[in-house]
Amino acid sequence: MKFVIVFAALFAVALAAPRPEDAQVLRSESIVGPESFSYAYETSDGVSANAEGHLNNVGSENEAIQVRGSYSFVADDGQTYTVNYIADENGFQPQGAHLPQA
């Protein structure tokens, strides 16, 4: 019986806890073509991202996509973190002031 009371109390506390508001989309753009794309978005909670990609060596056996972009977010510590990246035949290559360097 005690278990049921404790469980009910914890359940009530969880339901009463404040919830973060849903983020609103402030900006959203995208262009998609047969050999390239680009997009950008920004939300009210400080998240933003953008990227541009294109197909290299079209029609050859070395055909590969290359993407350049970045994303930002506000972390629990209140700081905004930004990651810039390239993704290509060499893999995902992120850079950011908060990321360790090889």
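## Salt bridges

Arg27 forms a salt bridge with Glu29, their closest N and O atoms lying 3.6 Å apart. A salt bridge here is a side-chain nitrogen of Lys or Arg within 4 Å of a carboxyl oxygen of Asp or Glu. This is a predicted model, in which local features need pLDDT of at least 70 and side-chain atom pairs count only at pLDDT 80 or more, while totals for chains, interfaces and linings use all residues. Residues are numbered from 1 along each chain as its sequence is written, and side-chain values use heavy atoms, with hydrogens and water left out.

Arg27 also forms a salt bridge with Glu42, with 3.9 Å between the closest N and O atoms. This pair links distant parts of the chain, 15 residues apart: Arg27 is in strand S1 (residues 25–32) and Glu42 in strand S2 (residues 36–43). Strands are DSSP runs of E with at least two residues, numbered from the N terminus. A search of the whole structure finds 2 salt bridges, and Arg27, Glu29 and Glu42 are linked in a network. Arg27 is partly exposed at 32% relative accessible area, as is Glu29 at 46% and Glu42 at 34%. Buried means under 20% relative accessible area, exposed over 50%, and partly exposed in between (1.4 Å probe, protein chains only).

## The sheet

An open sheet is formed by 6 strands in the order S1-S2-S3-S4-S5-S6, with antiparallel pairing. S1 and strand S6 (91–95) stand at the edges with a single partner strand each, so one side of each has no neighbour in the sheet. From one strand to the next, the twist averages 10°. Angles run from 0 to 180 degrees between N-to-C directions, and axes are lines fitted to C-alpha atoms. Two strands pair if DSSP finds at least two bridges between them.

S2 is joined to strand S3 (residues 48–56) by 7 bridges, and Glu42 stands opposite Ser48 in S3. Between S4 and strand S5 (residues 80–88) there are 8 bridges, and Ser70 has Asn84 in S5 as its bridge partner. S4 and S5 form a hairpin with 5 residues between them, where Gly78 in the turn has a positive phi of about 85°. S5 and S6 are joined by 5 bridges and by a hairpin through 2 residues. Asn84 stands opposite Gln95 in S6.

## Aromatic side chains

The structure holds 5 aromatic pairs. One of them is Tyr39 and Tyr41, which are stacked at 6.3 Å centre to centre, with 15° between the planes. Rings of Phe, Tyr and Trp (its six-membered ring) pair if their centres lie within 6.5 Å; planes under 30 degrees apart count as stacked, over 60 as edge-to-face and the rest as tilted. Tyr39 is partly exposed at 32% relative accessibility, and Tyr41 is partly exposed at 32%. Phe37, Tyr39 and Tyr41 form one aromatic cluster.

Tyr71 and Tyr85 form a tilted pair, 6.3 Å centre to centre with 45° between the planes. The two residues are 14 apart in the chain, Tyr71 in strand S4 and Tyr85 in strand S5. Tyr71 is partly exposed at 32%, whereas Tyr85 is buried at 12%.

Definitions and conventions. Helices (H or I, at least four residues) and strands (E, at least two) are DSSP runs, numbered from the N terminus.
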